[in-house]
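The exercises below go through one protein structure step by step. Each has a task sentence and a worked solution.

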Amino acid sequence: MDRAVVQRWLRQVLEPYAARERLYSDVDRTLIEYPTLLPRTDVYTYDDGRAALLLLLDGTLPVEYGGTVYYIPIQVWIPRAYPRDPPIVYVVPTRDMLVRRSRQVDPSGHVVTEYAERWAHKPEGADLLELLQTCQALFRTEPPVVAKPRETRPAPPARPPRPAPETAAHASPDGPAHAAPAAAPTPPKPAAPPRPPVPERPAAPHDAAPLPARSAPTQPARPMNPELRALHDAVHTKLAARRDGVRRSLTHANAQLRDVLDDLHRGYPAIQDEMQRLEAVQTVCRTHAAQLTSTMHTAQERLHDLQRRADPNVDAMLAATSLVENQLAQLLAEDAALEDTMYQLGRALLAEQLSLDRFIKQTRMLSREQFLRRALAKKIQDGLRTAT
């Protein structure tokens with residue numbers, strides 16, 4: 001599998017994890033060290049009934065035992081709180097294997113190493129790769145799986161002896177048949193001796209030399225009691241019915257979980273889109289908040305500056321401080337008055353209260369006066385600019 005494709009896939013599936021960068025680095029180093037492990041996602045059910053979609057490293061772990069390399073099938077579940085919580089390691093035997101119970105492997109295949117028990121005391125220093133290396137060292141000394149022993153078929157029960165013709169039952173007209181004394185039954189032929197059991201050995205998915213089997217003394221098998229066989233058949237029937245019921249319930253539960261998982265996958269793009277919209281709104285709100293904070297800060301500075309200043313002189317604001325400036329103010333006032341006068345003459349002309357000849361004569365005279373005042377005012381303004 002292309003490493004770049006796996007890395008892009010990891011970036012996507014690790015979004016729900018809090019420490020996604022740390023987990024991405026640890027998983028990437030682990031996959032480089034153990035290429036027999038493949039990452040995927042699956043639903044993990046905790047002991048309290050909670051279910052969560054977690055990252056799963058599924059595959060085999062190479063272990064050297066007795067000079068031969070065996071590949072132990074394992075599953076490593078990564079919890080959402082990683083690295084605060086340690087990964088969950090399980091040994092998953094195949095159909096030809098059995099879990100070998102030990103001090104650190106329970107019958108369900110759950111592996112609890114001392115490194116995982118000390119994980120809570122050093123969550124920042126703990127590492128997924130070191131945990132798998134610890135499991136690898138543990139499996140070298142205590143293999144977690146063994147090969148299933150070969151089943152031995154029990155010998156068929158001996159048939160009951162048939163009565164001799166001369167000792168058969170005779171019927172009586174007055175009651176049920178009475179059996180005459182039967183001849184002594186012939187002893188059954190002894191069954192073939194069972195095969196010796198195969199000793200436990202580590203499971204080897206690849207070709208490996210099997211361990212030699214020790215010979216056992218052969219003894220003739222004792223035929224099974226018919227009642228015990230019937231009891232075995234009844235128990236087998238009940239267990240088979242119970243197994244079928246459990247299988248149906250598990251199939252139904254798996255179907256429901258798959259529906260939930262499909263709903264989650266279908267809702268993931270909508271959640272991502274909504275998150276992007278919320279992030280955009282958050283960015284706009286932060287920008288407006290920064291602008292408002294800056295405006296309020298500027299207003300406060302100006303308010304403090306105005307409070308520090310003395311009260312202005314009203315007379316100095318209404319009157320000029322020099323003769324030239326007073327003349328300029330007078331010229332501007334006369335200019336505004338002439339402008340208002342010409343406006344009123346125009347209204348009088350429109351209302352036919354003033355003749356056209358008189359309107360033209362008065363307007364021409366007022367325009368000349370306004371031009372002279374504006375020219376003088378402009379000259380004064382240019383002089384003041386030059387002086388400053």
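**Exercise 1: Aspartate 335**

In this predicted model, aspartate 335 has a relative accessible area of 13% and is buried.

Task: Explain why aspartate 335 counts as buried, and find where it lies and which residues it touches.

Solution.
- Step 1. The cut-off for buried is under 20% relative accessible area. Aspartate 335 has 13%, so it counts as buried.
- Step 2. Helix α7 covers residues 323-350, and aspartate 335 lies in it.
- Step 3. With neighbours within four places in sequence left aside, the contacts of aspartate 335 are Gln370 and Arg374.
- Step 4. With glutamine 370, the link is a polar contact between the two side chains, at 2.7 Å.

**Exercise 2: Aromatic pairs**

Task: State how many aromatic pairs there are, and work out the geometry of the pair formed by tyrosine 115 and tryptophan 119.

Solution.
- Step 1. The count of aromatic pairs is four.
- Step 2. One of them joins tyrosine 44 and tyrosine 46, with 4.9 Å from centre to centre and 90° between the planes, an edge-to-face arrangement.
- Step 3. Tyrosine 44 is buried, at a relative accessible area of 9%.
- Step 4. For tyrosine 115 and tryptophan 119, the ring centres are 6.0 Å apart. Pairing requires centres within 6.5 Å, and planes over 60 degrees apart count as edge-to-face. The planes of tyrosine 115 and tryptophan 119 stand at 85°, so this pair is edge-to-face.
- Step 5. Tyrosine 115 and tryptophan 119 are both buried.
- Step 6. Tyr44 and Tyr46 also belong to one aromatic cluster together with Trp77.

**Exercise 3: Arginines over rings**

Task: Which tyrosine ring has arginine 11 over its face, and which has arginine 80?

Solution.
- Step 1. Arginine 11 sits over the face of tyrosine 24, 3.8 Å from the ring centre.
- Step 2. Arginine 80 sits over the face of tyrosine 17, 5.7 Å from the ring centre.

**Exercise 4: The whole chain**

Task: Describe the chain by its secondary structure, its buried share, its contacts and its surface.

Solution.
- Step 1. The chain has eight helices and nine strands.
- Step 2. It holds 388 residues, of which 22% are buried.
- Step 3. Take the contacts between residues at least 6 apart in sequence: 55% of these join residues at least 24 apart.
- Step 4. The accessible surface is about 28900 Å², and carbon and sulfur atoms account for 56% of that area.

Terms used: Residues numbered from 1 in each chain as written. Predicted model: local features only at pLDDT ≥ 70, side-chain atom pairs only at ≥ 80, totals over all residues. Heavy atoms only, no water. Helix = DSSP H or I, 4+ residues; strand = E, 2+ residues; numbered from the N terminus. Buried < 20%, exposed > 50% of the residue type's maximum accessible area, 1.4 Å probe, protein only. Contact = heavy atoms within 4.5 Å. Areas by Shrake-Rupley, 256 points an atom, 1.4 Å probe, with all protein chains shown as cover. Phe/Tyr/Trp six-rings, centres within 6.5 Å; stacked < 30°, edge-to-face > 60°. Lys NZ or Arg CZ within 6 Å of the ring centre and 35° of its normal. Polar contact = N/O pair within 3.5 Å; in protein donor to acceptor, adjacent residues only side chain to side chain.
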